[in-house]
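This report describes the fold of each chain, the contact between the chains, and selected packing details. The structure is shown first, followed by the description.

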Amino acid sequence: MNYIEVTALIIFFIGVYGLVARKNIMKSIISLNIMQAAIVLFFMSIDFTTETTSPINATDVSVAANPLPQALMITVIVIGISVTAVTLTMFINLYHKYGTTNWSKVVMKMRDEL
Amino acid sequence: MIALYLVLLPILGGTLSYLFNEKLAKISYYLIQCLQIVLVIFLFDQVRNDEIITYVVGGHTSNIGVEFIVDGINSKFVILTVLLFTVLLIYDFKKSYSNKLFLFLILILEGIISGIFMANDIFTLFVLIEVSTIIVSILIMFKKDSRSIYDGMLYLLINIVGMSFFSVGIGYLYKIFGTLNITLLRELIVVNSDLNLRLPFAFIITGVGLKSAIMPLFSWLPKAHGTPSAPPTVSALLSGIYIKCGVYLFLMFMTLFSPAINLQLFFELTGFLTAVIGFVFALSQKDIKLILAYHTVSQVGLIVFGYALGTEYAMYGSFYHITVHALFKSSLFLSAGIIVDKYKTRNITEIRGLFKSMPFVSVMIVIAILSITGAPFFSGSISKILISKDIKTSSQSVMFLIINIGTILSFVKYSTMLFGTSEKRFKVDLNQLVALTILSVLCLLMGVLGEHIVYQFFGAKLHLTFAMYLDKTVTFVLHAVIGVLFYIFVYERVSLFTKIRNTDVSFNNVVFFITIFFATLLMI
């Protein structure tokens with residue numbers, strides 16, 4: 001275990017803490033983004049040493065970093081962006097209906113409707 | 001190549017057809033579905049001789065490329081997927097909500113689900129699951145009323161949290177073994193079984209456990225599958241086939257890690273508790289869609305329980321149950337959709353006299369109920385016989401008995417709506433009846449021809465004698481009598497059920513449960 005890996009795990013669980021402890025929907029979405037950032041950092045720590053160079057335009061392949069995790073992370077970032085976009089759209093819709101950013105207030109107002 | 005076409009055709013074809021006008025697009029979606037059926041028949045022809053087909057996209061080596069694999073077991077699930085989607089499209093033919101956007105989303109989901117069953121590397125799995133989660137959440141809130149927007153959003157957020165855990169697990173596996181290919185990982189884990197894989201194991205099982213809705217992580221499922229305003233087809237496909245992707249992956253990862261971390265007893269107990277909690281919650285609900293949704297939880301429990309027993313026949317039984325559950329649960333959800341449509345209520349205490357008002361539909365419901373409760377000659381009984389075949393210890397057989405009786409109990413309540421009087425007689429569209437008939441006939445066939453189908457599917461011999469049938473019939477009638485007596489005399493007096501009905505789990509609590517489950521997996 002190197003220190004980047006540990007940092008990534010700590011950031012990941014900070015995100016989880018945000019999801020458990022905060023009732024604000026906006027903060028839940030931000031916490032998810034924090035988790036996503038932690039995942040990217042975690043994958044970057046795979047096979048990482050300070051001696052390696054960027055795999056794009058590498059003149060010497062033997063010192064180039066492993067390109068696979070980096071390629072995977074582009075996909076993860078794209079998925080992360082689309083997920084954030086979809087959740088934000090849903091959140092706007094929910095906000096228009098109930099006028100609150102709080103999970104428990106949404107549930108309360110929904111009960112009143114029934 | 002066929003494996004790739006099965007995934008790409010609905011996605012690319014669906015996207016292109018979306019450019020046409022409403023009428024043309026609809027025609028082309030149904031054409032694509034017909035092509036899918038042809039492709040699946042070819043696929044079935046290829047794998048019939050126990051062949052394993054692999055295909056790597058782009059001609060890379062399987063170590064770095066995106067690989068699809070079709071073998072004896074997952075080919076059945078792909079066939080099931082295409083079959084179920086065909087039935088659902090027949091059911092939806094005249095519905096007002098089934099416009100071109102709806103069909104577009106459904107077709108994409110079909111491609112992705114086939115992809116999940118066939119993908120042979122974990123990163124492709126991750127991408128496919130993530131995309132399907134977004135599509136499913138849009139389908140849940142398709143009618144855009146406030147309740148379904150909340151349910152869809154909750155579903156999306158919770159599942160994305162689960163998939164985040166999953167992707168960290170993928171990272172760990174890649175870090176340790178340097179490959180994402182499942183076949184290679186399987187070999188590497190057997191060779192390096194002394195390595196400490198606890199952390200990736202906990203991360204991945206948390207992710208797929210959430211997807212398959214096992215014990216502490218099931219609270220999102222009834223919300224998503226039983227949303228009042230979601231179209232019945234969406235509920236049917238979620239409970240019928242989509243949850244099976246999660247369960248299939250859960251079973252697959254359980255086996256993948258078993259050389260290094262063997263938690264058979266833990267999974268057995270988890271499956272049992274999931275089943276029990278599922279039917280207790282199902283008993284306490286009044287909304288027919290929610291009853292069916294909680295019932296899915298209990299059946300997932302049975303599948304996991306059966307697989308965790310570890311014997312060969314129990315494993316086949318679990319896979320068989322995945323297939324048949326898809327058939328009868330979608331049949332139940334579709335008929336529930338018709339009932340809600342005609343009676344304009346979902347409350348089970350207000351729906352009475354189905355035999356009088358819709359005789360044909362109620363016969364279909366009876367077939368589905370008999371299948372799900374494991375009556376002899378119906379499909380559920382075969383999987384239950386397979387699961388219980390090699391049970392040795394008495395504690396296991398007691399657990400199995402409790403699950404069985406619980407299932408019957410919850411369906412005694414569900415079947416109350418068949419009886420009683422009703423002045424009206426409703427007319428049901430022909431295409432919906434055709435869809436229901438296909439599912440019911442398959443339910444019956446899977447039961448009556450059980451021995452042959454088990455042999456065809458798994459190459460295992462199952463011999464059912466007349467004495468066995470007699471024995472099963474007697475036990476079933478006995479259980480049913482217990483269920484009816486319980487419902488008449490005890491059910492109303494238990495206040496626990498009212499309490500359960502009024503509990504609601506918030507988003508924060510669900511994530512808390514996820515964390516607890518993760519911590520438990522790390523500790524034990």
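## Burial and an enclosed helix

A residue is buried if 20 or more other C-beta atoms lie within 10 Å of its own. The model examined here is predicted. In helix H16 of chain B, residues 379–388, nine of the 10 residues are buried, so this helix is largely enclosed by the rest of the structure. The buried positions are B:Ser379, B:Gly380, B:Ser381, B:Ile382, B:Ser383, B:Lys384, B:Ile385, B:Leu386 and B:Ile387.

Which helices do the buried residues of H16(B) pack against? They pack against H12 (288–308), H13 (312–343), H15 (359–372), H18 (430–448), H19 (450–458) and H20 (466–490) of chain B.

## Overall form of chain B

The secondary structure of chain B consists of 22 helices and two strands. Its radius of gyration is 22 Å, close to the 24 Å given by the globule rule for 524 residues, so chain B is as compact as a globular protein of that length. The C-alpha trace of chain B spans about 65 × 60 × 50 Å along its principal axes.

Of the 524 residues in chain B, 54% are buried. When contacts in chain B between residues at least 6 apart in sequence are considered, 81% join residues at least 24 apart.

## Overall form of chain A

Chain A contains four helices and zero strands, and its elements run α-α-α-α from the N terminus on. The radius of gyration of chain A is 19 Å, well over the 13 Å that the globule rule gives for 114 residues, so this chain is more spread out than a compact globule. Along its principal axes, the C-alpha trace of chain A spans about 65 × 25 × 15 Å.

Buried residues account for 25% of the 114 residues of chain A. Among contacts in chain A between residues at least 6 apart in sequence, 50% join residues at least 24 apart.

## Contact between the chains

Between the two chains, 33 residues of chain A are in contact with 28 residues of chain B. On the side of chain A that touches chain B, at least two residues come from each of helices H1 (3–21), H2 (25–44), H3 (67–98) and H4 (103–113) of chain A. H3(A) provides the largest share of that side, 15 residues. By residue class, the side of chain A that touches chain B comprises 24 nonpolar, seven polar and two charged residues.

## A helix pair in chain B

Helix H3 (residues 72–91) and helix H4 (residues 100–118) of chain B have axes that come within 9 Å and cross at roughly 170°. H3(B) and H4(B) are therefore roughly antiparallel to each other. H3(B) contributes B:Asn74, B:Phe77, B:Val78, B:Thr81 and B:Phe85 to the contact, while H4(B) contributes B:Ile106, B:Glu110, B:Ile113, B:Ser114, B:Phe117 and B:Met118. The residues of this contact comprise seven nonpolar, three polar and one charged.

## The surroundings of B:Tyr487

B:Tyr487 lies in helix H20 of chain B. This residue is partly exposed, with 18 other C-beta atoms within 10 Å. Leaving aside neighbours within four places in sequence, B:Tyr487 is in contact with B:Leu409, B:Val412 and B:Lys413. B:Tyr487 and B:Leu290 are 197 residues apart in sequence and, C-alpha to C-alpha, 19 Å apart in space.

Technical notes: Residues are numbered from 1 along each chain as its sequence is written. Chains are lettered from A and ligands numbered from 1 in the order in which they are written. This is a predicted model: local features need pLDDT of at least 70, side-chain atom pairs count only at pLDDT 80 or more; totals for chains, interfaces and linings use all residues. Axes are lines fitted to C-alpha atoms, for helices over the stretch in contact, and angles run from 0 to 180 degrees between N-to-C directions. Angles under 35 degrees count as roughly parallel, over 145 as roughly antiparallel, 65 to 115 as roughly perpendicular and the rest as oblique. Two residues are in contact if their C-beta atoms, placed from the backbone, lie within 7 Å. Ala, Val, Leu, Ile, Met, Phe, Trp, Tyr, Cys and Pro count as nonpolar, Asp, Glu, Lys and Arg as charged, and the others, Gly among them, as polar. The radius of gyration is taken over C-alpha atoms; the globule rule is 2.2 Å times the number of residues to the power 0.38. A residue is buried if 20 or more other C-beta atoms lie within 10 Å of its own, exposed if 12 or fewer, and partly exposed in between; C-beta atoms are placed from the backbone.
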